[in-house]
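Please consider the sequence and the structure shown below.

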Amino acid sequence: MDIQTDKIYQLLMLKLTDSITESDEGYINSLIESEPEVYALWREIQSDFATVQNKRALQEFDTEGIIANVKAEVRRLKRGRRAMSIFAAVATIGISICLYIILKDNKVENFAAKHDVTKQVQLQLTSGEQINLSERYGMQLTEDGAVILNNTNNTFVYTANKETNATATIIVPAGKDYRVKLEDGTKVHMNSGSKLLFPFRFSGGKREITISGEAFVEVATNAALPFIVHTQHTTIQVLGTSFNVNSYDSGKVTVALVQGAVKINEVLLKPGYAASVSSKGTDVHSFDEENELAWRNDQYIFRHSPLKEIMPVLERWYDVQIVFDNPATADKVVTGHIMRSDDITTVLNMLKKICNADYYYKENSIHIR
(Lines give C-alpha, C1' and ligand atoms only; values in the text may rest on other atoms or scores of the structure.)
Protein backbone atom coordinates (compact mmCIF):
# COMPACT_ATOMS: atom_id res chain seq x y z
CA MET A 1 0.00 0.00 0.00
CA ASP A 2 2.18 2.82 -1.32
CA ILE A 3 0.04 5.61 0.10
CA GLN A 4 0.79 8.30 2.70
CA THR A 5 -0.52 6.64 5.84
CA ASP A 6 -1.08 9.78 7.92
CA LYS A 7 -3.23 11.33 5.21
CA ILE A 8 -5.36 8.18 5.04
CA TYR A 9 -6.03 8.32 8.77
CA GLN A 10 -6.95 11.99 8.59
CA LEU A 11 -9.30 11.49 5.66
CA LEU A 12 -10.95 8.51 7.38
CA MET A 13 -11.44 10.63 10.50
CA LEU A 14 -13.00 13.40 8.42
CA LYS A 15 -15.23 10.84 6.73
CA LEU A 16 -16.27 9.49 10.13
CA THR A 17 -17.39 12.96 11.26
CA ASP A 18 -19.08 13.85 7.94
CA SER A 19 -16.58 16.69 7.54
CA ILE A 20 -15.02 15.63 4.28
CA THR A 21 -15.33 17.28 0.87
CA GLU A 22 -16.86 15.40 -2.06
CA SER A 23 -13.54 15.07 -3.89
CA ASP A 24 -11.70 13.74 -0.80
CA GLU A 25 -14.56 11.41 0.01
CA GLY A 26 -14.46 10.01 -3.51
CA TYR A 27 -10.72 9.47 -3.15
CA ILE A 28 -10.92 7.71 0.23
CA ASN A 29 -13.94 5.64 -0.86
CA SER A 30 -11.99 4.37 -3.85
CA LEU A 31 -9.16 3.32 -1.52
CA ILE A 32 -11.60 1.58 0.81
CA GLU A 33 -12.90 -0.41 -2.15
CA SER A 34 -9.55 -1.20 -3.79
CA GLU A 35 -7.13 -1.52 -0.85
CA PRO A 36 -7.85 -4.31 1.68
CA GLU A 37 -5.68 -2.59 4.33
CA VAL A 38 -7.62 0.65 4.04
CA TYR A 39 -10.94 -1.21 4.17
CA ALA A 40 -9.79 -3.09 7.30
CA LEU A 41 -8.63 0.17 8.86
CA TRP A 42 -11.97 1.87 8.14
CA ARG A 43 -13.86 -0.98 9.81
CA GLU A 44 -11.44 -0.84 12.72
CA ILE A 45 -11.98 2.90 13.20
CA GLN A 46 -15.74 2.44 13.21
CA SER A 47 -15.43 -0.35 15.77
CA ASP A 48 -13.08 1.64 18.00
CA PHE A 49 -15.36 4.65 18.15
CA ALA A 50 -18.39 2.52 18.91
CA THR A 51 -16.86 1.60 22.27
CA VAL A 52 -14.42 4.42 22.82
CA GLN A 53 -15.82 5.39 26.21
CA ASN A 54 -14.78 2.01 27.52
CA LYS A 55 -11.13 2.49 26.59
CA ARG A 56 -9.03 2.75 29.75
CA ALA A 57 -6.12 4.05 27.71
CA LEU A 58 -7.90 7.38 27.24
CA GLN A 59 -6.57 8.80 30.47
CA GLU A 60 -2.95 8.24 29.39
CA PHE A 61 -2.97 10.32 26.24
CA ASP A 62 -2.34 14.01 25.62
CA THR A 63 -5.40 15.09 23.65
CA GLU A 64 -4.39 18.71 23.08
CA GLY A 65 -1.26 17.86 21.11
CA ILE A 66 -3.06 15.40 18.84
CA ILE A 67 -5.99 17.73 18.22
CA ALA A 68 -3.53 20.49 17.31
CA ASN A 69 -1.99 18.22 14.67
CA VAL A 70 -5.40 17.37 13.27
CA LYS A 71 -6.32 21.05 13.20
CA ALA A 72 -3.13 21.94 11.32
CA GLU A 73 -3.74 19.24 8.74
CA VAL A 74 -7.37 20.25 8.31
CA ARG A 75 -6.28 23.84 7.71
CA ARG A 76 -3.91 22.66 5.03
CA LEU A 77 -6.52 20.52 3.31
CA LYS A 78 -9.53 22.78 3.66
CA ARG A 79 -8.51 26.40 3.81
CA GLY A 80 -11.06 29.10 4.57
CA ARG A 81 -14.39 29.05 6.42
CA ARG A 82 -14.87 25.35 5.73
CA ALA A 83 -11.82 24.55 7.85
CA MET A 84 -13.34 26.07 10.99
CA SER A 85 -16.48 23.99 10.65
CA ILE A 86 -14.44 20.86 10.15
CA PHE A 87 -12.34 21.49 13.24
CA ALA A 88 -15.50 22.13 15.23
CA ALA A 89 -16.70 18.68 14.21
CA VAL A 90 -13.35 17.14 15.09
CA ALA A 91 -13.30 18.86 18.46
CA THR A 92 -16.65 17.34 19.42
CA ILE A 93 -14.96 13.93 19.53
CA GLY A 94 -11.61 15.27 20.84
CA ILE A 95 -10.46 12.46 23.10
CA SER A 96 -11.73 9.83 20.69
CA ILE A 97 -9.55 11.17 17.89
CA CYS A 98 -6.62 11.35 20.28
CA LEU A 99 -7.05 7.71 21.22
CA TYR A 100 -7.21 6.44 17.69
CA ILE A 101 -4.34 8.48 16.28
CA ILE A 102 -2.09 7.35 19.13
CA LEU A 103 -3.11 3.72 18.69
CA LYS A 104 -2.55 3.85 14.96
CA ASP A 105 1.20 4.35 15.50
CA ASN A 106 1.40 0.81 16.85
CA LYS A 107 -0.68 -0.53 13.98
CA VAL A 108 1.50 1.16 11.37
CA GLU A 109 4.69 -0.20 12.94
CA ASN A 110 3.26 -3.69 13.26
CA PHE A 111 2.02 -3.62 9.67
CA ALA A 112 5.44 -2.53 8.39
CA ALA A 113 7.23 -5.22 10.40
CA LYS A 114 4.94 -7.97 9.10
CA HIS A 115 5.32 -6.97 5.46
CA ASP A 116 9.02 -6.13 5.27
CA VAL A 117 10.80 -9.07 3.58
CA THR A 118 13.95 -8.29 5.58
CA LYS A 119 12.05 -9.36 8.71
CA GLN A 120 11.98 -13.01 7.67
CA VAL A 121 14.45 -15.77 8.49
CA GLN A 122 16.74 -16.02 5.47
CA LEU A 123 19.04 -18.76 4.15
CA GLN A 124 21.84 -17.43 1.94
CA LEU A 125 23.92 -19.86 -0.13
CA THR A 126 27.39 -19.29 -1.61
CA SER A 127 25.84 -19.72 -5.06
CA GLY A 128 23.88 -16.51 -4.46
CA GLU A 129 20.60 -18.36 -3.98
CA GLN A 130 18.42 -16.97 -1.17
CA ILE A 131 15.56 -18.84 0.49
CA ASN A 132 12.96 -17.29 2.77
CA LEU A 133 12.67 -19.81 5.62
CA SER A 134 9.68 -18.00 7.06
CA GLU A 135 7.64 -18.85 3.97
CA ARG A 136 9.27 -21.87 2.29
CA TYR A 137 8.42 -24.99 4.27
CA GLY A 138 9.07 -28.68 3.69
CA MET A 139 11.76 -30.38 1.60
CA GLN A 140 13.56 -28.97 -1.42
CA LEU A 141 16.89 -29.15 -3.27
CA THR A 142 19.47 -26.43 -3.72
CA GLU A 143 19.82 -25.16 -7.27
CA ASP A 144 22.90 -27.35 -7.91
CA GLY A 145 21.15 -30.39 -6.46
CA ALA A 146 23.94 -31.02 -3.95
CA VAL A 147 21.94 -30.53 -0.75
CA ILE A 148 18.46 -31.54 0.40
CA LEU A 149 16.93 -28.83 2.58
CA ASN A 150 14.14 -29.40 5.07
CA ASN A 151 12.47 -26.51 6.86
CA THR A 152 9.73 -27.51 9.32
CA ASN A 153 8.56 -26.43 12.78
CA ASN A 154 10.94 -23.44 12.91
CA THR A 155 13.87 -25.83 12.42
CA PHE A 156 16.30 -26.21 9.52
CA VAL A 157 17.76 -29.66 8.74
CA TYR A 158 19.78 -30.63 5.67
CA THR A 159 21.56 -33.56 4.00
CA ALA A 160 24.43 -33.30 1.52
CA ASN A 161 23.71 -36.02 -1.05
CA LYS A 162 27.08 -35.60 -2.77
CA GLU A 163 30.46 -33.99 -2.15
CA THR A 164 30.16 -30.22 -1.77
CA ASN A 165 32.26 -27.35 -0.44
CA ALA A 166 29.24 -25.06 -0.25
CA THR A 167 28.55 -23.01 2.87
CA ALA A 168 25.39 -21.30 4.04
CA THR A 169 24.38 -18.43 6.29
CA ILE A 170 21.15 -18.31 8.24
CA ILE A 171 20.03 -14.83 9.29
CA VAL A 172 17.47 -14.50 12.07
CA PRO A 173 15.97 -10.98 12.25
CA ALA A 174 14.75 -9.06 15.28
CA GLY A 175 11.60 -10.49 16.80
CA LYS A 176 12.28 -14.12 15.84
CA ASP A 177 14.30 -17.17 16.86
CA TYR A 178 15.23 -20.27 14.87
CA ARG A 179 16.80 -23.73 15.23
CA VAL A 180 19.37 -25.43 13.02
CA LYS A 181 20.55 -29.04 13.07
CA LEU A 182 24.00 -29.36 11.52
CA GLU A 183 25.34 -32.28 9.48
CA ASP A 184 26.93 -34.00 12.52
CA GLY A 185 23.79 -33.73 14.67
CA THR A 186 24.89 -30.59 16.53
CA LYS A 187 21.91 -28.38 17.43
CA VAL A 188 22.04 -24.57 17.31
CA HIS A 189 19.19 -22.47 18.74
CA MET A 190 19.55 -18.92 17.42
CA ASN A 191 18.17 -15.89 19.22
CA SER A 192 16.79 -12.72 17.59
CA GLY A 193 19.18 -10.65 15.49
CA SER A 194 21.73 -13.46 14.99
CA LYS A 195 23.68 -15.09 12.14
CA LEU A 196 25.12 -18.56 11.69
CA LEU A 197 27.70 -19.45 9.01
CA PHE A 198 28.29 -23.18 8.46
CA PRO A 199 29.41 -25.69 5.79
CA PHE A 200 27.02 -28.30 4.47
CA ARG A 201 29.82 -30.82 4.96
CA PHE A 202 32.56 -30.58 7.58
CA SER A 203 36.05 -31.23 6.22
CA GLY A 204 39.70 -30.78 7.09
CA GLY A 205 39.54 -32.91 10.24
CA LYS A 206 37.48 -30.41 12.23
CA ARG A 207 34.02 -28.89 12.51
CA GLU A 208 33.90 -25.10 12.28
CA ILE A 209 31.01 -22.62 12.42
CA THR A 210 30.77 -18.86 12.93
CA ILE A 211 28.17 -17.16 15.16
CA SER A 212 27.25 -13.51 15.60
CA GLY A 213 24.48 -12.44 17.96
CA GLU A 214 23.39 -15.13 20.41
CA ALA A 215 22.93 -18.90 20.16
CA PHE A 216 22.74 -21.97 22.37
CA VAL A 217 24.84 -24.82 21.00
CA GLU A 218 24.52 -28.53 21.83
CA VAL A 219 27.53 -30.17 20.24
CA ALA A 220 27.34 -33.77 19.02
CA THR A 221 30.21 -35.74 20.55
CA ASN A 222 32.94 -36.77 18.11
CA ALA A 223 36.44 -36.91 19.60
CA ALA A 224 37.97 -37.39 16.14
CA LEU A 225 36.53 -34.09 14.86
CA PRO A 226 37.13 -31.10 17.16
CA PHE A 227 34.32 -28.53 17.17
CA ILE A 228 35.30 -24.86 16.86
CA VAL A 229 33.07 -21.79 17.10
CA HIS A 230 34.33 -18.49 15.71
CA THR A 231 33.00 -15.09 16.87
CA GLN A 232 34.16 -11.60 16.02
CA HIS A 233 36.44 -11.48 19.08
CA THR A 234 37.50 -15.01 19.94
CA THR A 235 37.53 -18.68 19.00
CA ILE A 236 35.89 -21.31 21.19
CA GLN A 237 37.33 -24.82 21.26
CA VAL A 238 34.61 -27.28 22.18
CA LEU A 239 35.08 -30.65 23.87
CA GLY A 240 31.61 -32.22 23.49
CA THR A 241 29.32 -29.85 25.34
CA SER A 242 26.35 -27.46 25.52
CA PHE A 243 26.91 -23.74 25.95
CA ASN A 244 25.53 -20.28 25.19
CA VAL A 245 27.36 -17.71 23.05
CA ASN A 246 26.38 -14.04 23.31
CA SER A 247 28.16 -11.58 21.02
CA TYR A 248 25.51 -8.85 20.75
CA ASP A 249 27.87 -6.35 22.39
CA SER A 250 30.28 -5.33 19.65
CA GLY A 251 33.09 -5.11 22.17
CA LYS A 252 32.55 -8.34 24.11
CA VAL A 253 31.70 -12.02 23.70
CA THR A 254 30.34 -14.08 26.60
CA VAL A 255 30.35 -17.88 26.63
CA ALA A 256 28.29 -19.56 29.37
CA LEU A 257 29.01 -23.28 29.82
CA VAL A 258 26.17 -25.60 30.82
CA GLN A 259 27.74 -29.02 30.28
CA GLY A 260 31.10 -30.44 29.19
CA ALA A 261 34.09 -28.18 28.63
CA VAL A 262 35.23 -25.36 26.36
CA LYS A 263 38.53 -23.55 26.01
CA ILE A 264 38.65 -19.82 25.36
CA ASN A 265 41.95 -17.95 25.11
CA GLU A 266 43.64 -20.87 26.89
CA VAL A 267 41.09 -20.67 29.71
CA LEU A 268 39.31 -23.98 30.35
CA LEU A 269 35.74 -23.38 31.53
CA LYS A 270 33.86 -25.59 33.95
CA PRO A 271 30.05 -26.03 33.87
CA GLY A 272 28.26 -23.20 35.65
CA TYR A 273 30.90 -20.65 34.68
CA ALA A 274 31.03 -18.05 31.92
CA ALA A 275 33.92 -16.27 30.25
CA SER A 276 33.59 -12.73 28.91
CA VAL A 277 36.21 -11.79 26.34
CA SER A 278 36.90 -8.13 25.51
CA SER A 279 39.80 -5.81 24.82
CA LYS A 280 40.44 -5.84 28.57
CA GLY A 281 41.08 -9.59 28.59
CA THR A 282 39.12 -12.65 29.67
CA ASP A 283 36.94 -12.49 32.78
CA VAL A 284 35.66 -15.76 34.26
CA HIS A 285 32.62 -15.74 36.56
CA SER A 286 29.75 -17.95 37.68
CA PHE A 287 26.36 -17.39 36.05
CA ASP A 288 22.69 -18.01 36.80
CA GLU A 289 21.47 -20.52 34.21
CA GLU A 290 17.82 -19.55 34.76
CA ASN A 291 18.61 -15.95 33.82
CA GLU A 292 21.22 -16.54 31.13
CA LEU A 293 19.20 -19.10 29.17
CA ALA A 294 15.69 -17.78 29.81
CA TRP A 295 15.49 -16.60 26.18
CA ARG A 296 15.34 -20.25 25.06
CA ASN A 297 11.97 -20.49 26.81
CA ASP A 298 10.79 -17.17 25.30
CA GLN A 299 11.43 -15.34 28.56
CA TYR A 300 13.67 -12.52 29.72
CA ILE A 301 14.53 -12.29 33.41
CA PHE A 302 16.35 -9.23 34.72
CA ARG A 303 17.46 -8.70 38.29
CA HIS A 304 18.79 -5.35 39.46
CA SER A 305 19.51 -4.44 35.84
CA PRO A 306 19.73 -0.87 34.50
CA LEU A 307 17.22 0.07 31.81
CA LYS A 308 20.06 0.68 29.34
CA GLU A 309 20.79 -3.08 29.44
CA ILE A 310 17.13 -4.08 29.13
CA MET A 311 16.17 -1.90 26.16
CA PRO A 312 18.50 -3.56 23.60
CA VAL A 313 16.78 -6.86 24.39
CA LEU A 314 13.37 -5.29 23.77
CA GLU A 315 14.64 -3.83 20.49
CA ARG A 316 15.68 -7.29 19.29
CA TRP A 317 12.57 -9.05 20.55
CA TYR A 318 10.01 -6.58 19.23
CA ASP A 319 11.93 -5.10 16.29
CA VAL A 320 11.63 -1.52 17.55
CA GLN A 321 13.99 1.38 18.12
CA ILE A 322 14.16 2.80 21.65
CA VAL A 323 15.66 6.17 22.56
CA PHE A 324 16.36 7.61 26.03
CA ASP A 325 15.45 11.29 26.24
CA ASN A 326 17.08 11.54 29.67
CA PRO A 327 20.40 9.72 30.28
CA ALA A 328 19.59 9.47 33.99
CA THR A 329 16.56 7.32 33.19
CA ALA A 330 18.80 4.80 31.42
CA ASP A 331 20.58 4.12 34.71
CA LYS A 332 17.42 3.26 36.66
CA VAL A 333 17.71 -0.26 38.08
CA VAL A 334 14.84 -2.70 37.60
CA THR A 335 13.93 -6.28 38.52
CA GLY A 336 11.30 -8.12 36.52
CA HIS A 337 10.27 -10.84 34.11
CA ILE A 338 9.03 -10.58 30.50
CA MET A 339 7.48 -13.18 28.22
CA ARG A 340 8.13 -12.94 24.49
CA SER A 341 4.38 -13.29 23.97
CA ASP A 342 3.80 -10.01 25.83
CA ASP A 343 3.27 -7.11 23.43
CA ILE A 344 5.63 -4.14 23.61
CA THR A 345 2.96 -1.84 25.09
CA THR A 346 2.37 -4.25 27.99
CA VAL A 347 6.10 -4.35 28.70
CA LEU A 348 6.51 -0.58 28.53
CA ASN A 349 3.54 -0.04 30.83
CA MET A 350 5.05 -2.48 33.32
CA LEU A 351 8.37 -0.63 33.29
CA LYS A 352 6.51 2.64 33.66
CA LYS A 353 4.86 1.39 36.85
CA ILE A 354 7.90 -0.14 38.51
CA CYS A 355 10.45 2.57 37.76
CA ASN A 356 8.39 5.59 36.67
CA ALA A 357 9.90 5.60 33.16
CA ASP A 358 7.21 7.05 30.91
CA TYR A 359 7.29 6.61 27.16
CA TYR A 360 5.84 7.99 23.92
CA TYR A 361 6.04 7.26 20.18
CA LYS A 362 7.76 9.64 17.77
CA GLU A 363 9.03 9.15 14.21
CA ASN A 364 8.93 5.33 14.32
CA SER A 365 10.81 5.23 17.61
CA ILE A 366 9.84 4.69 21.24
CA HIS A 367 11.15 7.44 23.48
CA ILE A 368 11.76 6.85 27.20
CA ARG A 369 11.67 10.01 29.28
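The account below moves from a helix to the sheets and then to side-chain contacts.

The model is predicted, so local features are taken at pLDDT of at least 70 and side-chain atom pairs at pLDDT 80 or more, while totals for chains, interfaces and linings use all residues. Residues are numbered from 1 along each chain as its sequence is written, and side-chain values rest on heavy atoms, with hydrogens and water left out. Helices (H or I, at least four residues) and strands (E, at least two) are DSSP runs, numbered from the N terminus.

Helix H2 spans residues 22-34 and has 13 residues. From its first C-alpha to its last it reaches 18 Å, close to the 18 Å expected at 1.5 Å a residue; the expected span is 1.5 Å times one less than the number of residues. Burial is judged by relative accessible area: buried means under 20%, exposed over 50%, and partly exposed in between, with a 1.4 Å probe and protein chains only. The buried residues of H2 are Asp24, Ile28, Leu31 and Ile32. Seen down the axis of H2, these buried residues fall within an arc of 100 degrees, so they line one face of the helix; the arc is that of the directions from the helix axis to the C-beta atoms. Glu22, Ser23 and Glu33 are exposed on the other side of H2.

The description now turns to the sheets. Two strands are taken to pair if DSSP finds at least two bridges between them. Nine strands form an open sheet with mixed pairing, in the order S2-S1-S6-S9-S10-S12-S13-S16-S17. Strand S2 (130-132) and strand S17 (267-269) stand at the edges, each with a single partner strand, so one side of each is left without a neighbour in the sheet. From one strand to the next, the twist averages 20 degrees; axes are lines fitted to C-alpha atoms, for helices over the stretch in contact, and angles run from 0 to 180 degrees between N-to-C directions.

The C-alpha atoms of Thr169 and Phe198 are separated by 6.5 Å, although the two residues are 29 residues apart along the chain.

A further open sheet is formed by three strands in the order S21-S24-S23, again with mixed pairing. Its edges are strand S21 (322-324) and strand S23 (359-362); each has a single partner strand, so one side of each is left without a neighbour in the sheet. Neighbouring strands of this sheet are turned by 30 degrees against each other on average, direction ignored. S23 and strand S24 (residues 365-368) run antiparallel and are joined by four bridges. Within this pairing, Ile366 in S24 is the bridge partner of Tyr361.

Side-chain contacts complete the picture. Gln120 lies in the loop between helix H6 (94-115) and strand S1 (122-125), and is buried at a relative accessible area of 13%. Its side chain is joined to that of Ser134 by a polar contact of 3.3 Å. A polar contact is a pair of N or O atoms within 3.5 Å; within protein, one must be able to donate a hydrogen and the other to accept it, and residues adjacent in sequence count only if both atoms are side-chain atoms.

Side chains of opposite charge can pair when their charged atoms come close. The structure holds 10 salt bridges, each a side-chain nitrogen of Lys or Arg within 4 Å of a carboxyl oxygen of Asp or Glu. In one of them, the closest N and O atoms of Arg201 and Glu163 are 2.8 Å apart. Arg201 lies in the loop between strand S9 (194-199) and strand S10 (207-212) and Glu163 in the loop between strand S5 (155-160) and strand S6 (167-172), so the pair ties together parts that are 38 residues apart in sequence. Arg201 is partly exposed at 24% relative accessibility, whereas Glu163 is exposed at 68%.

Arg303 forms a salt bridge with Glu290, with 3.6 Å between the closest N and O atoms. This pair links strand S20 (residues 299-306), which holds Arg303, to helix H7 (residues 289-292), which holds Glu290, across 13 residues. Asp288, Glu290 and Arg303 are linked in a network of salt bridges.
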